[in-house]
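Biologist: I am new to this structure and would like a close look at a single part, the place where the two chains meet. Please take me through it slowly.

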There are 2 protein chains.
Amino acid sequence: MAYSSLDESAIVDYVKNVGLYEQDESLTVKEIGDGNINMVFYVKNEKTGKSMIVKQAYPYVRCVGESWPLNQDRIRIEAEAIEKEGELAPGLVPKIYHQDDDMHIMVMEDLSHLGVMRGQMLTMTKFPKFADHISTFLANTLYFTSDIYMNPTDKKELVKSFINPDLCKITEDLIFSDPYYDHERNNINPALKPYLVDVFWKKPELRLEASKFKYKFLTSAESLLHGDLHIGSMFGDSEETKVFDSEFAFVGPMAFDIGLLIGNLLINYVSWSGKTDKFSEEQITDYRDHLETMINDIYNLFEKKFIANWNKKSEDILAEVEGYQQHFMKELFSDTVGFAALVMIRRMHGLAHNADVDDIENEELRKDVQVRMLELAEEMLMNREKYSKIEDITGFIKKNVELNKEAVVA
Amino acid sequence: MAYSSLDESAIVDYVKNVGLYEQDESLTVKEIGDGNINMVFYVKNEKTGKSMIVKQAYPYVRCVGESWPLNQDRIRIEAEAIEKEGELAPGLVPKIYHQDDDMHIMVMEDLSHLGVMRGQMLTMTKFPKFADHISTFLANTLYFTSDIYMNPTDKKELVKSFINPDLCKITEDLIFSDPYYDHERNNINPALKPYLVDVFWKKPELRLEASKFKYKFLTSAESLLHGDLHIGSMFGDSEETKVFDSEFAFVGPMAFDIGLLIGNLLINYVSWSGKTDKFSEEQITDYRDHLETMINDIYNLFEKKFIANWNKKSEDILAEVEGYQQHFMKELFSDTVGFAALVMIRRMHGLAHNADVDDIENEELRKDVQVRMLELAEEMLMNREKYSKIEDITGFIKKNVELNKEAVVA
């Protein structure tokens with residue numbers, strides 16, 4: 001079928017024509033995409049209750065328009081990444097019902113009975129099973145697509161089929177470069193600007209460390225990554241976790257996925273310092289304790305499961321070399337800390353922010369939180385090799401999260 | 001055209017049918033491949049003198065036979081790598097006359113007026129312009145195919161089109177794994193075996209360092225490499241250098257090409273310690289001085305030209321970050337030293353040796369040279385981060401190259 005960009009009514013015809021619904025069914029359809037990139041349609045037969053999500057990649061970035069063209073192959077990559085993730089981490093991604101590489105459409109399971117995690121975390125919802133779920137997702141997707149596990153021929157085919165330049169470019173620019181310059185794409189709280197000008201942008205060492213990670217992101221083809229694994233890319237409740245929005249998938253450095261997730265959780269952890277008007281000290285302490293345990297558990301369970309996978313079956317003989325696993329896990333940890341720090345930084349004054357901090361209405365108070373976040377991230381980035389376990393990071397953040405205290409270096 | 005493996009007479013028909021010669025020309029043809037992998041035919045019209053080289057990839061490894069199948073796409077990769085190298089380093093590779101991806105054939109310039117460098121170096125031929133030529137080859141092919149220079153979309157296409165699993169697998173096994181084990185593929189001088197059993201294989205730290213470089217080789221997609229850049233892959237005389245045999249090309253870690261070349265030259269340097277019966281001390285000292293200058297010049301000129309390329313034009317903003325180039329060049333150097341050491345090791349007791357050492361007929365004397373080579377390589381590998389310039393390496397080797405002395409650690 002020749003490609004065309006479908007509107008709501010064309011979507012109804014489409015899902016019937018490809019056999020997902022009968023021709024005589026009466027369907028409602030609504031465009032619900034709140035992401036920046038793709039069109040997302042919610043389709044439902046109100047009578048039977050049968051619903052699904054249709055995602056189409058227009059030939060440009062949705063939130064910008066035709067002036068920012070974007071390779072439509074991203075929807076194939078997303079669908080194939082979800083399929084692969086589903087194989088490796090069953091039950092933790094949506095089911096895919098249909099994939100159409102000509103129309104650049106995929107149709108998947110409706111998970112609207114679950115909420116997006118970020119929104120829920122803004123109101124202190126707890127996710128007691130999340131650490132267990134997401135550590136399985138990370139340990140399995142990262143280990144089973146690595147050269148430790150895969151035979152090198154299949155691994156290289158995997159690299160080839162997930163070459164994803166347009167979406168990688170977004171990360172390359174928005175995470176690793178823009179925040180270290182006064183770049184026009186940045187989105188800067190006016191009250192924060194003086195700190196950036198007088199302090200942050202005057203530290204060439206930050207730009208240098210960010211550049212090392214950028215080069216790693218550009219060249220290190222370790223494992224199939226989700227590529228955008230933050231709490232806005234997940235549905236969840238007290239029982240379930242579903243990871244979605246895999247359009248950034250590519251074969252890249254393992255630590256990026258883990259660091260991006262942990263960085264996002266640390267942003268939420270720190271953000272409460274700007275919300276003492278809306279939440280009591282007790283509530284904040286309680287939720288932070290939940291987050292601290294969650295973050296520690298995520299990394300520790302990830303590490304345990306990753307090592308268990310490794311010890312159970314590996315392809316390359318290097319997997320059995322004395323000391324190699326230990327060396328590998330040590331590097332993975334310090335890289336994770338580095339990527340987490342870069343993610344905390346980019347969400348303060350880069351193009352795309354997190355609601356966690358942006359919903360602090362008072363500009364000055366928001367600035368104070370942003371400055372403290374940047375200071376904490378700087379310490380993590382510059383000293384990442386001194387930390388040996390995740391409790392060192394969460395402990396350091398905990399000790400320094402109050403706005404009215406001097407930051408204490410770890 | 002459907003694929004078939006051509007013999008000498010079929011090659012004559014082939015070159016006429018594709019228009020490289022007229023139908024009525026009288027041609028001689030001879031299979032001259034002394035490599036292990038492909039068929040190489042020398043075709044000539046004795047009357048006109050017009051000659052060329054036809055290379056065909058049979059569906060298996062030539063020196064082993066059908067029991068070791070090998071992806072025939074290697075000949076496309078070789079031809080395209082040579083084209084790319086020729087664009088970036090004009091005059092330093094053979095001209096390609098014809099490429100046929102169905103028949104897995106490429107036809108190229110006859111360079112038989114030049115000899116292969118390795119053979120000539122065994123008789124102490126000097127190559128006064130080699131350092132200048134090969135440093136240009138390295139600086140240009142490595143820089144202009146890197147993420148520092150290329151835009152990331154084109155770079156990722158380059159990665160995709162040079163995915164080369166079968167040939168990479170050979171390197172992965174033969175360089176980074178087999179020599180660190182008593183593997184059946186190894187080719188071991190019986191007199192050397194006790195040293196391997198009692199000393200070399202008892203050092204887990206060597207296996208560990210080799211494993212770190214193996215993982216880098218597997219995952220680091222930095223630049224288009226030649227992939228087998230030793231002095232048996234080059235024609236040369238006092239005026240010219242031509243690099244051939246690019247079938248191992250893929251996008252990998254830059255330092256691998258540089259290290260492989262330097263490791264091979266160091267093998268030649270050390271090997272003379274086993275040839276004092278055939279060459280005078282004066283001859284050996286003189287040739288070693290030539291090699292020392294050559295090796296120093298290769299690295300220093302490479303570095304100078306690479307940095308000049310970088311400073312002239314770069315794509316990624318990280319290229320201009322204060323301190324980044326310095327950091328990059330430092331890592332590149334220590335990785336080069338590491339890869340050089342691994343190459344010295346694999347040529348002593350791995351599957352494929354160099355004539356430089358293997359032509360020492362006396363098994364005991366050959367063993368003494370091999371042991372000293374392994375000791376020197378070990379020191380380079382384990383302490384690669386302590387060296388800061390190529391003169392540190394050549395100086396260390398020079399000081400320790402005599403067989404009847406204790407090795408002095410750098």
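Biologist: How many residue pairs does the rule find in polar contact across the interface of chain A and chain B?

Modeller: This is a predicted model, and across the interface of chain A and chain B the rule finds eight residue pairs in polar contact, both residues of each pair being at pLDDT 80 or more. On the side of chain A that touches chain B, the elements that give two or more residues are helix H5 (152-161), helix H6 (165-176), helix H8 (204-219) and helix H11 (324-349) of chain A, and of these H8(A) gives the most, with nine residues. Sorted by kind, the residues on that side of chain A divide into 18 nonpolar, seven polar and 13 charged.

Charged residues also pair across the boundary, where the count between chain A and chain B is four salt bridges; in one of them, Lys156(B) is joined to Glu172(A), with the closest N and O atoms 2.9 Å apart.

As for extent, 38 residues from chain A and 38 residues from chain B take part in the contact, and the area buried between the two chains is about 3,400 Å², with carbon and sulfur atoms giving 69% of that area. Lys156(A), Ile163(A) and Tyr215(A) supply 18% of the area that chain A buries against chain B, which is more than any other three residues supply.

On confidence, the predictor gives the complex an ipTM of 0.95 and a pTM of 0.96, while chain A averages a pLDDT of 96, with 98% of its residues scoring at least 70.

Conventions
Residues are numbered from 1 along each chain as its sequence is written. Chains are lettered from A and ligands numbered from 1 in the order in which they are written. This is a predicted model: local features need pLDDT of at least 70, side-chain atom pairs count only at pLDDT 80 or more; totals for chains, interfaces and linings use all residues. Side-chain values use heavy atoms; hydrogens and water are left out. Contact means heavy atoms within 4.5 Å. Buried area is the accessible area (1.4 Å probe) that two parts lose on being put together, summed over both. A salt bridge is a side-chain nitrogen of Lys or Arg within 4 Å of a carboxyl oxygen of Asp or Glu. A polar contact is a pair of N or O atoms within 3.5 Å; within protein, one must be able to donate a hydrogen and the other to accept it, and residues adjacent in sequence count only if both atoms are side-chain atoms. Helices (H or I, at least four residues) and strands (E, at least two) are DSSP runs, numbered from the N terminus. Ala, Val, Leu, Ile, Met, Phe, Trp, Tyr, Cys and Pro count as nonpolar, Asp, Glu, Lys and Arg as charged, and the others, Gly among them, as polar. pLDDT is the predictor's confidence in each residue, from 0 to 100.
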